[in-house]
Amino acid sequence: MELFQWAGGQKSYRHSFDVYYTLIDKVGTEKEFKVIDSLLLQMKAEGIVLRESVFIMIMRHYGRAGLPGRATSLLFEMRSTFSCEPTFKSYNVVLDVLLAGNCPKVAPNVIYDMLSKGISPTVFTFATVIKALCAVNEIDSACSLLRDMTKHGCAPNSIVYQTLIHALACANRVNDAWKLLEEMLFGDCAPDVNTFNDVIIGLCRVDRVLEAAKLVDRMLVRGFSPDEITYGNLMQGLCKTGRLDEAKLLLKKVPNPNIVMYNTLINGYMTNGRFEEAKAVLDESMVGTGCKPDIYTYNILIHGFCKKGLLSSAHQVVNEISVKGSEPNVITYTILIDGFCKKGRLKEAEDIIGEMSNKGLCLNTVGYNCLISALCRDGQVHEALELFRNMPGKGCKPDVFTFNSLIYGLTKVDNMKDALCMYRDMYMDGVIANTVTYNTLIHAFLRRRATEEVFKIVNDMLFRGFSLDKFTYTGLIKALCEDGAFEKASGLFEEMLSKGTSANNLPCNILISSLCRAGKIEKAREFLKEMICRGLKPDVVAYNHLISGLCKMGRIEEAYNLFEKLKSERICADAVTYNILIGSYCKAGLFNEAYALFDRGVVGGLVPSTVTWHILVTSLLKRVTRRV
């Protein structure tokens, strides 16, 4: 730099463009961008014509330095400050820098500026902006840009199509992806295996496996060779949809099947309870092709047996692993421990821990969670707490599942004080509570009718950024109804719907039942009408509550009219509905109406319950007694 300044001061010498270019390149490598700014101004002041090449070089330096914004600014300054007209080359460099610098949102602005200045984009320009739009999930805009390419004299190439097909397939728009693939096949752009794979994966993801298989056949006809990803995803799709025989046939056609494909088929057989076929793949097919089972293969078998409750078979596989040249790992034993714990066979789970120790393996956090959860479900909270205290010493950090199990166990034995302490300890240990944590505490306090404590937990839940789910709302609505606070309960139901929480019929039925029990039949009927207006479909339980409420108030005729409406609402009356009305008729001495309704129900397919017969026999005896 000193030499440059000295030379510039000599009377017989003037810096040329090439000298400036070389110096700016050197300075850019050192990321001395303030110096570059002053050199550009100096060039302008000396009357040197600034060429596009120097700006392109500076933009690339900005890109390498992670300053895509500076590169974009320089593009716009070229014309306004330095009287240098940028061509498509400058725009393409900036687009490349923006994409590499993780600024895809800015890329469309660059091409729009380019078009507004009358500069024709190139295929590279379109390909880069389409890639940027796909990166920010603006896939429709990217597709529109594809259609605009021909207007500007650009023919889409394979890269453009592949970018769009990949984005569409990932967005579950597999039909659109397939249309573009068809365009490629009937046009001048040859797809590669990865392009086919994108569509095949998309089809398999939405269980359109047979169409995916046909596409593989088309690949073969057109001379493309499916790779491991093609066959692996098709295998997975066939197994996921239960087409295990087709998966087995496909595996035989694969030139060099790998361990993942065999594991996929074995997992499919195990999931569908076809254990003998799974073992046949392991013992015959894999051995026949020289593909050696790995620990994942055995873990799939063990997990499958455990899910079906065949724990002896699972344990037998663990014992066979060492004989067959592999060694069980922590995951192997964790799967087995989880299986025994879920069946409440804690003694055998402890024996497996002993087996682990003999092999030099220790429980991980997941293993501890299995045991702690099982102990808490069994009411052995003291033992669960002992395990919990031992975890840090064994190098295992308790997680949210650990704390949730312990909180559940403590609430189960009605130790709410320690449950709350455990909840507070979670945050002290850096573990964030989840919805399960809050719902466990809320429902425990609801069982104790401790409404005040419930709303303290709810407030804490909301304060920490959690939303109430349908289980929380249902519990709170029930508690408010039990306290007679129907307006608050109804308000909470409104809040539940307004926040988009998917509501089932349970909270509605709780409100209707509570209003009816409190003698507020008209309010219950109004609430039912509101449900229907909101697009919710009340079930037979809601109507049963209303019919029962009307009957208890002696309004049997209205109850019967509501019963008659059920058919028009496409709701089938059940045994409870008939029992309510028959019982009410009998109680009012309207025996003929009761028997007529019973006959009508039987003709309509009613299967009388024990309660139905009890009502009828009791009423008949009373009638006979009165006559005597």
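**Group meeting talk: a walk through a helical model**

Hello everyone. Let me start at lysine 520, which touches Phe486 and Leu515 once we set aside residues up to four places away in sequence. Before I go on, please keep in mind that what you see is a predicted model.

So where does lysine 520 sit? Lysine 520 is in the loop that links helix H30, residues 505-517, to H31. Its relative accessibility is 35%, so lysine 520 counts as partly exposed. If you look for leucine 550, 30 residues away in sequence, you will find the two C-alpha atoms 10.0 Å apart.

Is glycine 535 buried or exposed? With 64% relative accessibility, glycine 535 counts as exposed, because the cut-off for that word is over 50%. For a sense of span, take leucine 145: 390 residues separate it from glycine 535 along the chain, and their C-alpha atoms are 40 Å apart.

The largest nonpolar core holds 207 residues, and Leu40 and Phe55 have the most contacts inside it. Leucine 40 touches Phe55 itself, and also Ile24, Leu50, Ile58, Leu74 and Phe82, again leaving out residues up to four places away in sequence.

In general, a pair of packed helices is described by the angle between the axes and the distance between them. For helix H2 (residues 17-29) and helix H3 (residues 33-45), the axes cross at roughly 165° and come within 9 Å. That angle makes H2 roughly antiparallel to H3, and their crossing is left-handed. Sorted by class, the H2 with H3 contact has eleven nonpolar residues, two polar and no charged ones.

On to the next pair, H5 and H6. Helix H5 covers residues 68-80 and helix H6 residues 88-100; their axes are 9 Å apart, at an angle of about 165°. H5 is therefore roughly antiparallel to H6. The handedness of this crossing is left-handed. On the H5 side the contact is made by Pro68, Ala71, Thr72, Leu75, Met78 and Arg79, and on the H6 side by Ser90, Tyr91, Val94, Val97 and Leu98. These divide into eight nonpolar, two polar and one charged.

H7 comes next in our tour. Within helix H7 (residues 107-116), the buried residues are Ala107, Pro108, Val110, Ile111, Asp113 and Met114. What do they pack against? The buried residues of H7 pack against H5, H6 and helix H8, which is 123-135. Just after H7, glycine 118 has a positive phi of about 75°.

Speaking of positive phi, here are two asparagines. Asparagine 137 has a phi near 65°, a positive value in a residue other than glycine. Its place is the loop between H8 and helix H9 (139-148), and its 57% relative accessibility means that asparagine 137 counts as exposed. Asparagine 172 has a positive phi of about 60°, although it is not a glycine. You will find asparagine 172 in the loop between helix H10 (158-170) and H11, where its 45% relative accessibility makes it partly exposed.

Helix H11 (residues 174-186) and helix H13 (residues 209-221) have axes 14 Å apart, at an angle of about 15°. The two are therefore roughly parallel, and H11 passes H13 in a left-handed crossing. Here Trp178, Leu181, Glu182 and Leu185 of H11 meet Glu211, Leu215 and Arg218 of H13. The split by class is four nonpolar, no polar and three charged.

One last stop: threonine 195, in helix H12 (residues 193-205). Is threonine 195 buried or exposed? At 1% relative accessibility, threonine 195 counts as buried. Beyond its neighbours within four places in sequence, threonine 195 is in contact with Gln162, Ile165, Leu181 and Met184. Leu181 is also one of the H11 residues that meet H13.

Methods: Residues are numbered from 1 along each chain as its sequence is written. This is a predicted model: local features need pLDDT of at least 70, side-chain atom pairs count only at pLDDT 80 or more; totals for chains, interfaces and linings use all residues. Side-chain values use heavy atoms; hydrogens and water are left out. A nonpolar core is a set of buried Ala, Val, Leu, Ile, Met, Phe, Trp, Tyr and Cys residues joined through side-chain atoms within 4.5 Å. Buried means under 20% relative accessible area, exposed over 50%, partly exposed in between (1.4 Å probe, protein chains only). Contact means heavy atoms within 4.5 Å. Axes are lines fitted to C-alpha atoms, for helices over the stretch in contact, and angles run from 0 to 180 degrees between N-to-C directions. Helices (H or I, at least four residues) and strands (E, at least two) are DSSP runs, numbered from the N terminus. Angles under 35 degrees count as roughly parallel, over 145 as roughly antiparallel, 65 to 115 as roughly perpendicular and the rest as oblique. A crossing is left-handed if the near helix is turned anticlockwise from the far one by less than a right angle, and right-handed if clockwise. Ala, Val, Leu, Ile, Met, Phe, Trp, Tyr, Cys and Pro count as nonpolar, Asp, Glu, Lys and Arg as charged, and the others, Gly among them, as polar.
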